[in-house]
Amino acid sequence: MSILLKNIGKLLNPRSDGTWDEISQAAISFDDKVLRYGPEAAMISKAGDAEIIDAGGKLVTPGLVDSHTHVAFAEPRQAEFEMRNAGKSYQEIAAAGGGIRSSVRSLRAISEDELVERILPRLNTFLQYGVTTIEAKSGYGLSTEHELKQLRALKSCAERHPIDIYRTLLAAHEVPDEYRDNRAKYLDIVINETIPAAAEAGLATFCDVFCEEGVYSVDESRRVLVAAKAHGLIPKIHADQLSYSGGAELAAEMSAASAEHLDYISDAGIRQMADAGVVFCLLPGAVIFLGLDRYPAARKIIATGGQIALSTDFNPGSSATQNLPLMMTLGCVFCKLTIREALWAATYGGAAALKCTDWTGSLNLDQAADLVIWNCDDERLIPYYFGVNLVQDVYKSGRLVVKDGKLLA
Ligand code: NIG
Ligand code: FE
């Protein structure tokens with residue numbers, strides 16, 4: 001049976017070109033997919049036997065898409081947060097054996113089943129923030145065995161939870177403890193063993209690499225992504241996060257789906273990525289949480305014709321938040337996105353970064369019925385009340401999963 005959601009004060013549907021279809025006093029009908037939407041009067045006359053639900057004059061948008069998360073971790077790293085606030089940098093903590101490598105030790109110590117139990121409640125939190133689709137990376141295993149364990153755990157979670165999860169292999173996230181003096185050997189394992197195994201088992205859609213001074217160079221990153229493409233995985237790159245590395249130019253060269261962070265991107269990188277249609281995935285949560293102050297040049301990116309996605313980067317080190325609406329606030333305040341641009345980046349832009357715009361991120365005919373009823377009638381209030389969750393109800397593939405801010409069983 002289908003649902004007709006009526007009395008929508010404002011319905012906002014993002015278009016691919018960055019503009020919006022905007023209807024006041026609207027209605028939308030859907031089963032598991034969107035059937036149609038339009039002005040309420042015309043919709044009600046065609047309601048048929050649909051169940052009619054009153055949206056109370058509130059704002060309706062597509063479900064949010066968080067296109068960059070590291071949700072599959074074992075333990076939080078709150079001690080590092082304290083150390084940073086006392087003056088240590090993210091890189092100093094990493095060089096001393098903390099950071100990603102600390103998450104690797106804790107992840108290797110727990111079973112796949114235990115990892116599933118730790119991820120599931122985090123997926124609930126995403127839903128409560130209006131996020132109906134996420135990307136999730138491995139990268140805390142750093143061995144074929146434990147990288148695949150992470151990806152399988154994510155797959156099991158998706159089978160048990162309404163959220164859609166796009167999986168990314170990030171075996172080149174760091175150099176693990178046991179290969180610190182033979183990094184070439186670890187890279188060989190990633191290229192010749194981990195990537196083929198993940199692809200063969202159908203465990204990942206994307207392959208990411210942390211291209212950064214002190215982690216993987218542009219040449220090493222290229223080798224990883226060339227291998228990934230040869231095995232049918234779509235490239236993504238953590239690029240130009242803490243310093244300029246040339247990762248954005250590599251993303252363009254590799255026709256990556258997206259490049260991530262980009263706080264130090266060059267003008268040439270912006271141009272090349274925009275020309276190549278690589279999505280600019282901006283993660284302002286990581287900038288603020290690391291105590292840094294260099295944000296990506298969003299205005300320049302938009303002026304160059306680039307498509308922006310805004311994401312949480314949810315992870316235990318650099319961005320311990322799942323609040324994607326809050327990332328809209330940071331995007332507006334620090335990257336000078338307009339509110340509509342920020343909302344576009346958290347819906348359509350996120351889907352573009354995951355190459356799933358024909359499935360979610362907007363409310364067009366035959367898309368998954370992923371939508372949010374907000375507890376307001378004006379989208380400007382979403383980033384305005386920063387840190388506050390204005391999500392009222394969430395439908396995922398047509399099913400009510402959050403009501404009045406509370407998760408339904
Ligand atoms: O996107 N930059 C690399 N990876 C993550 C941080 C991961 C961690 O510190 O655990 C990021 O910021
Ligand atoms: Fe990340």
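**View 1. Y90 reaches ligand 1 with a polar side-chain atom.** In this predicted model, that atom of Y90 lies 2.5 Å from an oxygen atom of ligand 1. Look next at H261, where an N or O atom of the side chain is 2.8 Å from an oxygen atom of the ligand. How much of the ligand does the protein bury? Taken alone, ligand 1 exposes 320 Å², and 100% of that is buried by the protein.

**View 2. Here is the shell of residues around ligand 1.** Of the 15 residues around the ligand, those that come nearest are Y90, Y140, Q241, H261 and S318. Sorted by class, the shell holds four nonpolar, nine polar and two charged residues. The space that ligand 1 takes up is the largest cavity.

**View 3. Now meet the iron ion, ligand 2, and its protein donors.** Along the sequence, the donor residues follow the spacing H-x1-H-x167-H-x74-D. Two of them, H238 and D313, link distant parts of the chain, 75 residues apart. You will find H238 in strand β10 (residues 234–239), while D313 sits in the loop between β13 (308–310) and α13 (324–335).

Terms used. Residues are numbered from 1 along each chain as its sequence is written. Chains are lettered from A and ligands numbered from 1 in the order in which they are written. This is a predicted model: local features need pLDDT of at least 70, side-chain atom pairs count only at pLDDT 80 or more; totals for chains, interfaces and linings use all residues. Side-chain values use heavy atoms; hydrogens and water are left out. A residue is near a molecule or strand if one of its heavy atoms lies within 4 Å of it. A polar contact is a pair of N or O atoms within 3.5 Å; within protein, one must be able to donate a hydrogen and the other to accept it, and residues adjacent in sequence count only if both atoms are side-chain atoms. Accessible areas come from the Shrake-Rupley method with a 1.4 Å probe; for residues, only the protein chains shown count as cover. On a 1 Å grid over the protein atoms alone, a cavity is a set of points where a 1.4 Å probe fits but cannot get out, and a pocket is an open set with protein on both sides within 12 Å along at least five of seven lines; lining residues have an atom within 4 Å of a point. A molecule sits in a cavity or pocket if more than half of its atoms lie within 2 Å of its grid points. Ala, Val, Leu, Ile, Met, Phe, Trp, Tyr, Cys and Pro count as nonpolar, Asp, Glu, Lys and Arg as charged, and the others, Gly among them, as polar. Donors are N, O and S atoms within 2.8 Å of the metal (3.2 Å for Na, K and Ca); water is not among the atoms, so sites may look incomplete. Helices (H or I, at least four residues) and strands (E, at least two) are DSSP runs, numbered from the N terminus.
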